[in-house]
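I opened this structure to note how its parts pack together, and I kept the entries in the order in which I looked things up.

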Amino acid sequence: MAEKLGRDVFMALASVGWADGKLDQEEADAIVRLASDEGLELEEIAAIDEATKNPVSAQQVALTKLSRQDRLFVYAVAAWMTRLDGQISESEVARLGQLGDWLQLDEKSRVVVDGISRDVGQLPAGAKPLRYDLGQVRRLIQERLATLGG
């Protein structure tokens, strides 16, 4: 089983959500819900909730200790979030590309995990934040990690 995701993973997701200048409530709810589901401390969840209300930049987040699987997960969820409101802005695409660079993910890995996020999003009611199976995203990444050279 994958290690518990840390606070900075969720801060990175908030940063991606803010790429177009606004973080939609559904995106914010999904980030906070995932942090809660992950079992983070209340203080950490409060900081994450604050980051969904006030913009956070990638420079404010330290991801240096993330495993490859967790970096892939962050990218997959970020890719899903960019599609959540039904509109993908140029700034969101640019921020997603920057995130991929920042996470040191090659193009093949980005394409594979974006496909995973799309597959899970197409499950029954999967496009809705409360129904999107983030655990399934993590499981599929873990299963497909070998194909990514990891």
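**Entry 1: overall layout**

Reading from the N terminus, I wrote down the order of elements as α-α-α-α-α-α-α. The model is a predicted one, and I find seven helices and zero strands in the protein. I then looked up burial for the whole chain, and of its 150 residues 48% count as buried. For contacts with a separation of 6 or more, I noted that 78% are between residues 24 or more positions apart.

**Entry 2: the largest nonpolar core**

In soluble globular proteins, nonpolar side chains tend to be buried together. With that in mind I looked up the largest nonpolar core, which has 46 residues, and noted that F10, L13, I48, F73, V74 and I141 are the members that touch the most others. At least two residues of this core come from each of α1 (7-17), α2 (25-37), α3 (42-53), α4 (68-84), α5 (90-102), α6 (107-121) and α7 (134-144). Which helix gives the largest share of this core? I found that it is α4, with 11 residues.

**Entry 3: α1 and its surroundings**

I went through α1 residue by residue and listed V9, F10, M11, A12, L13, A14, S15, V16 and G17 as buried. That is nine of the 11 residues of α1, so this helix is largely enclosed by the rest of the structure. The partners against which the buried residues of α1 pack are α2, α3, α4 and α5.

**Entry 4: α1 against α3**

Two packed helices are described by the angle between their axes and the distance between the axes. For α1 and α3, I noted that the axes come within 9 Å and cross at roughly 10 degrees. An angle under 35 degrees counts as roughly parallel, and α1 and α3 are therefore roughly parallel to each other. On the α1 side the contact is made by R7, F10, M11 and A14, and on the α3 side by E44, A47, I48 and A51.

**Entry 5: the two sides of α3**

I checked the length of α3, whose 12 residues reach 17 Å from the first C-alpha to the last, close to the 16 Å expected at 1.5 Å a residue. Its buried residues are I45, I48, A51 and T52. They cover an arc of only 115 degrees around the axis, which puts them on the same side of α3. The face turned away from that buried side carries L42, E43 and K53, which are exposed, while the cover over the buried residues of α3 includes α1 and α2.

I followed two of these residues further. Setting aside neighbours within four places in sequence, I48 is in contact with R7, F10, M11, I31, V32, A35 and L40. T52, also in helix α3, counts as buried at 7% relative accessibility. Not counting residues up to four places away in sequence, T52 touches W18, L23, A28, I31 and V32.

**Entry 6: A79 in α4**

I picked A79, which lies in helix α4, and found it buried, with a relative accessible area of 0%. Beyond its neighbours within four places in sequence, A79 is in contact with L96, D114 and S117. I also took the C-alpha to C-alpha distance from A79 to L13, which is 9.7 Å, although the two residues are 66 residues apart in sequence.

For α5, the 13 residues should span 18 Å at 1.5 Å a residue, and the end C-alpha atoms are 18 Å apart, which agrees. The residues I noted as buried in α5 are E92, L96, L99 and G100. Seen down the axis of α5, these fall within an arc of 100 degrees, so they line one face of the helix. E90 and D101, on the other side of α5, are exposed. The buried residues of α5 pack against α1, α2, α4 and α6.

What is the phi of Q104, a residue other than glycine? I noted a positive value, near 60 degrees. Most residues other than glycine have a negative phi, and I therefore flagged this one in the notebook. Q104 sits in the loop between α5 and α6, and with a relative accessible area of 64% it is exposed.

Methods:
Residues are numbered from 1 along each chain as its sequence is written. This is a predicted model: local features need pLDDT of at least 70, side-chain atom pairs count only at pLDDT 80 or more; totals for chains, interfaces and linings use all residues. Side-chain values use heavy atoms; hydrogens and water are left out. A nonpolar core is a set of buried Ala, Val, Leu, Ile, Met, Phe, Trp, Tyr and Cys residues joined through side-chain atoms within 4.5 Å. Buried means under 20% relative accessible area, exposed over 50%, partly exposed in between (1.4 Å probe, protein chains only). Helices (H or I, at least four residues) and strands (E, at least two) are DSSP runs, numbered from the N terminus. Contact means heavy atoms within 4.5 Å. The expected span of a helix is 1.5 Å times one less than its number of residues. The arc is that of the directions from the helix axis to the C-beta atoms. Axes are lines fitted to C-alpha atoms, for helices over the stretch in contact, and angles run from 0 to 180 degrees between N-to-C directions. Angles under 35 degrees count as roughly parallel, over 145 as roughly antiparallel, 65 to 115 as roughly perpendicular and the rest as oblique.
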